[in-house]
Amino acid sequence: MKKQWTILLGVGLGIFALILRKLLNIPENKFISFYLIFILVAFIAIFAINFIWQLRFFKKLTGLTHILYKEKDPDRFITENEKLLQTVRSPLNWNMISMNISVGYAEKGDYRRAKELLLLIPENQMKGINKVIYNHNLCYFHFLLEENTSAIAVFNANTELFRKFEQHPGLGGSIAVINIYYLIATGEKEQAKQMLEQAKSKFTDPKLEKDLADLEKILS
């Protein structure tokens, strides 16, 4: 879609430039220089507008997280993200909002609905840190739903990816949680206990308190 839009824009600008040439009686030998400058300026302006809009979108998207973690209101968080979803067309933006909504349902304890929503997002469109979050969340939801076979499959397929983010300040604790669930599911309970103790002393993010407490109950 973006490629088609770019082609149409280029054709439109070309036609507009030809019209200007006729109206302004620009000599043919000067037209090419005029056309190239015109196209360059137009694309810089379009890029700048898109960049500013995207920055505003990210600011609004990240601004919604306080509803979930500060106000502790997952229902409102879901509603506000659903409203934002109606305003976007970009697959990247749609995917990020959809992941937000999935997290909202997880915070309500509805892990089945959270998983269903996550699976509506095409995994092959996930790049960089978004791919890590996507696969972490999917693995996590499977474990909490006691779908251990599926959870282990996702974990094994992304082991190297998860390993790269074990020390990440924002994701390290969450990666540790699924590592512990994986050890439990594969019968390595003693190693899981050791990792849990390390995680409790290393990660102090309040969002991890429930996960670590639940794991402690499982391993007690």
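Buried means under 20% relative accessible area, with a 1.4 Å probe and protein chains only. The core has 54 residues, and Ile97 and Ile180 touch the most other members. Select helix α10 (residues 172-185) next: with 9 residues, α10 gives the most to this core. Helices here are DSSP runs of H or I with at least four residues, numbered from the N terminus.

A quick word on what you have open: this is a predicted model, where local features need pLDDT of at least 70, side-chain atom pairs count only at pLDDT 80 or more, and totals for chains, interfaces and linings use all residues. Residues are numbered from 1 along each chain as its sequence is written, and side-chain values use heavy atoms, leaving out hydrogens and water.

Now click on Ile97. Which residues does isoleucine 97 touch, not counting those up to four places away in sequence? Look for Phe57, Leu61, Asn81, Leu84, Leu85 and Val88. Contact means heavy atoms within 4.5 Å.

Back to α10, this time with helix α12 (residues 209-219). Their axes, lines fitted to C-alpha atoms over the stretch in contact, with angles running from 0 to 180 degrees between N-to-C directions, come within 11 Å and cross at roughly 15°. That makes α10 roughly parallel to α12, a label for angles under 35 degrees. The crossing is left-handed, meaning that the near helix is turned anticlockwise from the far one by less than a right angle. To see the contact, select Val177, Ile180, Tyr181 and Ile184 in α10, which meet Asp211, Leu212, Asp214, Leu215, Ile218 and Leu219 in α12.

On the α7 side, the contact includes His136, Cys139 and Phe143, while Ser174, Ile178 and Tyr182 are among the α10 residues. α7 passes α10 in a left-handed crossing too.

Finally, zoom out to the whole chain. How many helices and strands does the chain have? There are 12 helices and 0 strands. Of its 220 residues, 39% are buried. Among contacts with a separation of 6 or more, 53% come from residues 24 or more positions apart.

How values were computed. A nonpolar core is a set of buried Ala, Val, Leu, Ile, Met, Phe, Trp, Tyr and Cys residues joined through side-chain atoms within 4.5 Å. Buried means under 20% relative accessible area, exposed over 50%, partly exposed in between (1.4 Å probe, protein chains only). Helices (H or I, at least four residues) and strands (E, at least two) are DSSP runs, numbered from the N terminus. Angles under 35 degrees count as roughly parallel, over 145 as roughly antiparallel, 65 to 115 as roughly perpendicular and the rest as oblique.
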